[in-house]
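Welcome, and please open your viewer. We will take a short walk, selecting one piece after another.

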Amino acid sequence: MRKQDLSLTNVERSLDPDELIVTKTDLSGKIRYGNRTFYKFAGYSPAECVGTQHNIIRHPAMPRTVFKLLWDTIKTGDEVFAYVNNRSKNGDNYWVFAHVTPSWNEAGKIVGYHSNRRAPNKTVIHEHIEPLYAALLEIERTSGSPKDALAAGERQVHELLQSKGMSFNELMFALGV
C-alpha cells in the first residue's frame, strides 16, 4: 500500500514526557536506524522502514518549506530544531519537537543524519506552529509550480525571521519548547 493511499484518522497520539524518538538516516534520508519508540509511533516494523525514505511518516499538513529549510540547514553541517507533525501508518498523527543534526565520520565528512524527537509544547503548536504551517501550506497551494511554491514559502519564513531578528532555531526556542 502506498503512503498516499492511507487516509487520515484525525486521531492525535502524544509522546509521554519521558519518551524519545530516535532515527538515523543516510545522506539521502533513507532510514538506517529507528528506536522502539519510533516504530511504536510510526506503526511500521523495522523491515518496512530501514532503507525507506524518512518521509514515509510525513503528514500532508506539513509544509514542504519546513523540510526544505531542514535539509538546507543540515546539509551545511548545522543542526535544526523544528516542530513536526508526523503520520502513523494507520493514519493517526503525532506532533514532535525534533532536533536534527548531521553525523560525521572521523575525516570530518557528513555521513548521515541523526534525529531526536520529544514531546512538544502543545500550547506552542496550537498558538504559533499550526497557524504558521497553515499559512505556508496556503502559500504553497496557491503558487504556480512546486518550485515557485517552495520559493514563496521560503520568502515567507525569511520575512518572518527578519521581522523577529532571529534565526529559525532561535524562533523555535523563543516560542517555547
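Helices on this tour are DSSP runs of H or I with at least four residues, strands are runs of E with at least two, and both are numbered from the N terminus. The expected span of a helix is 1.5 Å times one less than its number of residues. The model is predicted: local features need pLDDT of at least 70, side-chain atom pairs count only at pLDDT 80 or more, and totals for chains, interfaces and linings use all residues. Residues are numbered from 1 along each chain as its sequence is written, and side-chain values use heavy atoms, leaving out hydrogens and water.

First stop: select residues 64-75, helix α3. Its 12 residues reach 16 Å from the first C-alpha to the last, close to the 16 Å expected.

Now highlight T65, V66, L69, L70 and I74, which are buried in α3 (under 20% relative accessible area, with a 1.4 Å probe and protein chains only). They lie on the same side of α3 because they cover an arc of only 160 degrees around the axis, taken from the directions from the helix axis to the C-beta atoms.

What do the buried residues of α3 pack against? Show β4 (80-87), β5 (93-104), β6 (110-118), α4 (122-142), α5 (146-164) and α6 (168-175) to see these partners; contact means heavy atoms within 4.5 Å.

Just after α3, click G77, where phi is positive at about 100 degrees.

Next, select β5 and β6, an antiparallel pair with eight bridges (pairing takes at least two DSSP bridges). Five residues separate them in a hairpin, and G108 in the turn has a positive phi of about 80 degrees.

Note on methods: Buried means under 20% relative accessible area, exposed over 50%, partly exposed in between (1.4 Å probe, protein chains only).
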